[in-house]
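Hi,

Here's the structure I said I'd pass along. Have a look at it first, and then read on for what turned up.

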Amino acid sequence: MPLYDYRLEAIVAAADQGSFSKAAAKLGISTPSLAKQVDTFEGENGVKLFDRGHSGVALTPAGRSLAADARAAITQSGDALRRAKSLSSGSIPAVRLGVSLLCPAGKVQSAWPRIKESDPELRLELVPVGDIYENPDEVIGSLGKNVDILQVAYSPQRMEGRCSALPLGSVPLSIDMSRKSPMATLAQIRPEDLKGQRVFVLRHACVAMDDYREELLSAGAEVVDVTTYDFPLFNECAESGGAIVSAGAWAGAHPSLTSVPLERERLAECAMLYPLDPAEPVRRFVEALRAGCAPSSRLRPMPPSVTSKRPVTEI
């Protein structure tokens, strides 16, 4: 049970999403239920937090102040309960692994039994996180606060200098496309095979994806830069065509899409992110993973800035 008014979660979600309906979907409740929570909180405390409009909701100055404090209260409540439970049980605090549907942290989770065997006192807790790629400031900024570790495709542009990163090997890039596409039966695919085709690319997801994006542009593909990979995008490709440069957990995310390997293999580097100044349990987790599971390779540094003059669509 939280140590704060549970309605603060509805307020923070609405502030983050700019919409009661999107906030309700994020929390897994109905829109009327969320709106009622916000309305009753405002009424009981005599404060207006949101300006309502047809296009969504916007925080008032009072709302911005309260939402910021609410985020801190929610974090502090969770931390307080974790510390109390640890002291009560005599165990160390659990290491919180951030996961989502498209970022399930499979490499870290599969390594957990070996980590636990190496350091039996360690405990692991799965914590849901927001969109790692669309909101990197929010998610990476939460390291050490709401979450301790994340597994991601490593991008120096997004992550270098902002957190620590432990290499976890690599996964090959592939092209996801409709099973009905004439190219779906290819054993391998070349950039020139995609000439004139819409190809969605998550810019700066990793160095390999940025490099392959340049190859696609040179081959005449219609590159569409996106800020994140989500289920609406995969649904769009399944329904209306187009292709997605994918890797790891993204590959095969939709049953109507198939993954075709690249003719010339390109590898996306995977890494476990953790705070620059990790807490003791996180430090022990990293040491156990590095000693028993993680490869000894180094992550590629940020490449020189390259600005393409070729036409690119952004969405």
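A polar atom on the side chain of serine 164 sits 3.4 Å from the backbone oxygen of proline 275. Bear in mind that this is a predicted model, so that distance is computed from predicted coordinates.

Serine 164 belongs to strand S6, which covers residues 164-178. Is serine 164 buried or exposed? Its relative accessible area is 16%, and since buried means under 20%, serine 164 counts as buried. Setting aside neighbours within four places in sequence, serine 164 touches Met272, Leu273, Tyr274, Pro275 and Leu276.

Met272 turns up again in the largest nonpolar core. That core has 75 residues, and Met272 is listed among those with the most contacts inside it, along with Met209, Tyr229, Val245, Trp250 and Phe285. Which residues does valine 245 contact? Again leaving out neighbours within four places in sequence, they are Leu173, Ser174, Ile175, Val199, Phe200, Val201, Met209, Tyr212, Leu216 and Tyr229. Another core, of 20 residues, lies apart from the largest one; Leu34, Ala35, Leu49 and Ala67 are among its members.

One more residue to look up is glutamine 76, in helix H4 (residues 61-89). With a relative accessible area of 55%, glutamine 76 is exposed, because the cut-off for that is over 50%.

Cheers

How values were computed: Residues are numbered from 1 along each chain as its sequence is written. This is a predicted model: local features need pLDDT of at least 70, side-chain atom pairs count only at pLDDT 80 or more; totals for chains, interfaces and linings use all residues. Side-chain values use heavy atoms; hydrogens and water are left out. A nonpolar core is a set of buried Ala, Val, Leu, Ile, Met, Phe, Trp, Tyr and Cys residues joined through side-chain atoms within 4.5 Å. Buried means under 20% relative accessible area, exposed over 50%, partly exposed in between (1.4 Å probe, protein chains only). Contact means heavy atoms within 4.5 Å. Helices (H or I, at least four residues) and strands (E, at least two) are DSSP runs, numbered from the N terminus. A polar contact is a pair of N or O atoms within 3.5 Å; within protein, one must be able to donate a hydrogen and the other to accept it, and residues adjacent in sequence count only if both atoms are side-chain atoms.
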